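Trainee: I have just opened this one and could use a guided tour, if you have a moment.
Mentor: Gladly; let us bring it up and take a few parts in turn.

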Amino acid sequence: MHPCRRLLPAVAAAAVGLFATAASAHHGRLDPLPGQHGFVGTQHAPYTAPRGSISGTWTPLTNAFPGTNFPDTALLMTDGTVMMHDGCSTDWYRLSPDKTGSYVNGKWTKTGSMPVGYTPLYFASQVLPDGRVMVNGGEYLDCNEAWTNLGALYDPASDTWTAVLPPVGWANIGDAQSVVRSDGSYMLADCCTSAEAIASISGTTVTWTATGSGKGDRNDEEGWTQLPDQTIVTVDASRGLNFPTNITERYSEAAGTWTQGKNTANRVVDPGSSEVGPALLLPNGLVFQIGATGHNDVFIPSKGKWVAAPDMPNIDGQGVTDAADGPAAVLPDGNVLAQVSPGVFNAPSHFVEVNVKNAKTVTITQVSEPASAPEQSSYEGRLLVLPTGEVLWSSDVGDVEIYTPQGSAKKGWLPVITNVAASLSVGSTNNALAGTNLNGLSYGGYYGDDAQMSTNFPVVRITNKATKHVCYAKTHDHTAMGISTGEVTQTQFDIPASCESGKSTLQVVASGLASRGTPVTLN
């Protein structure tokens, strides 16, 4: 067990108090390390939803995560594999689904390690349009307070990481936000100021251009939610205690500037910690903002209006739950799966599904939870949407499980293939595919600052008709990113030599939503 992993409850409570004091004197607010949470009330056995509930099911992985510290942020690669960070280390591990496409039965292999000394926890991360991975910052290094400005770029073709310099003048990046904009460029925040920058990447050389003028407060603890109109919405978390309601801002990709929007209906930012929960864009076009206060809101982008939503439930008398940092994911049927816990950085965790039928009709239902949920707070989890429509949950307490939901997507939400060759060659590269909704209608998995697990890019899955074996092709160089708007876009894909030849069915998947199958023949 890693030395930073677990404290006794009495020590943990004291540690969180010390962190609050230290953070108030620092340029950023310090999130607790894994395990440094207090326990509220009596611990109960994990909740299992009654028969007939909307709840999905949880399944532990057959092969345990092999890292030596703890499972951290997971990223879906464009070849259908998953890369998971070993917290507070330089190490990453790749989970490859088995030949039937099962991630539960997938196998782990170690990937190349990040540059020596870059051992982050709570950092910015994105999969780029060319299939590479960008990681920047870290609130901790080797589980020690840092707010580092280090960064690294991963190339899966060579299985190597290259150190990335920060924007000029940036002393910190820390637990920052990031996003791949609609034009495919990577945008990053400085956690501890109001600065943002856009990366220009040539080979392994990264240069930065400032953006985001007009930001009303620093970026600390805030999350970014990208909308189809090429804007980003955020709820300000660093305005201070003198603001009676939550101020929001909106960033325009075209102008590169922030403008103030309407206030949230509920106070969703915790005034003591300045934490806020994830804000999820849903397939119906609404945004569901989970609060760190137990209160929630719905944002209507077309009207720029915020509407109060029902509070999170008080489960087993342990207190009203919230996500003061915490993961959530958009399921195929448009429901939100969220990990919540009572009070800022407290345990135990529970899981809920939220149905946002419209801005005024929101239903929150407790669903089944993993056996380790009572041992942790919401901030210790991460949720990644898989191409199967399942959700991979990684937890700092050492658990990795998969949630299989019940619902299914509406037909109009699915990607549609408009053009792909009927005959393809095993081992071929740069095959063309065109279609609509190739980037999906949401990021898939959300958290906010600290962690980004976006899957709004096309993944190509090929299933052999005779054997039913599944093969993923690596996609790259998509012509558009961001959120799909219904326009036709393109991607390219490389078919690995391990794919089986013969008559097959090809699908394109974005954030867990799969197109109808297109018949192809692999030669």
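**Strands and cores**

Mentor: Threonine 475 stands opposite phenylalanine 493, which lies in strand E42. The model is a predicted one, where local features need pLDDT of at least 70 and side-chain atom pairs count only at pLDDT 80 or more, while totals for chains, interfaces and linings use all residues. Residues are numbered from 1 along each chain as its sequence is written, and side-chain values use heavy atoms, leaving out hydrogens and water.

Trainee: How many bridges join E41 to E42?
Mentor: Three bridges join E41 to E42 (residues 489-494), and the two run antiparallel. Strands here are DSSP runs of E with at least two residues, numbered from the N terminus, and two of them pair if DSSP finds at least two bridges between them.

Trainee: And why is E41 largely enclosed?
Mentor: Six of the seven residues of E41 (residues 470-476) are buried, so the strand is largely enclosed by the rest of the structure. Buried means under 20% relative accessible area, taken with a 1.4 Å probe and protein chains only.

Trainee: Which residue stands opposite tyrosine 472 of E41?
Mentor: That is arginine 461; strand E40 (residues 459-464) pairs with E41 in the antiparallel sense over four bridges. Five residues lie between the strands of this hairpin, where lysine 468 takes a positive phi near 65°.

Trainee: Changing topic, which way do the side chains of E8 point?
Mentor: From strand E8 (residues 124-127), Ala124 and Gln126 point one way and Ser125 and Val127 the other way, and all are buried. In a regular strand the side chains alternate between the two faces of the sheet.

Trainee: What is the bridge partner of glutamine 126 in E9?
Mentor: The partner is methionine 134, and E9 (residues 133-136) runs antiparallel to E8, joined by four bridges. In the hairpin of E8 and E9, glycine 131 takes a positive phi near 95°.

Trainee: Which residues have the most contacts inside the largest nonpolar core?
Mentor: They are Val82, Trp161, Phe288, Ile290, Val336 and Leu392, in a core of 110 residues. A nonpolar core is a set of buried Ala, Val, Leu, Ile, Met, Phe, Trp, Tyr and Cys residues joined through side-chain atoms within 4.5 Å. A second, separate core of 16 residues includes Ile417, Leu424, Cys471 and Phe493.

Trainee: What is tryptophan 161 in contact with?
Mentor: Leaving aside neighbours within four places in sequence, tryptophan 161 is in contact (heavy atoms within 4.5 Å) with residues including Met83, Trp92, Val133 and Tyr154.

Notes: Buried means under 20% relative accessible area, exposed over 50%, partly exposed in between (1.4 Å probe, protein chains only).
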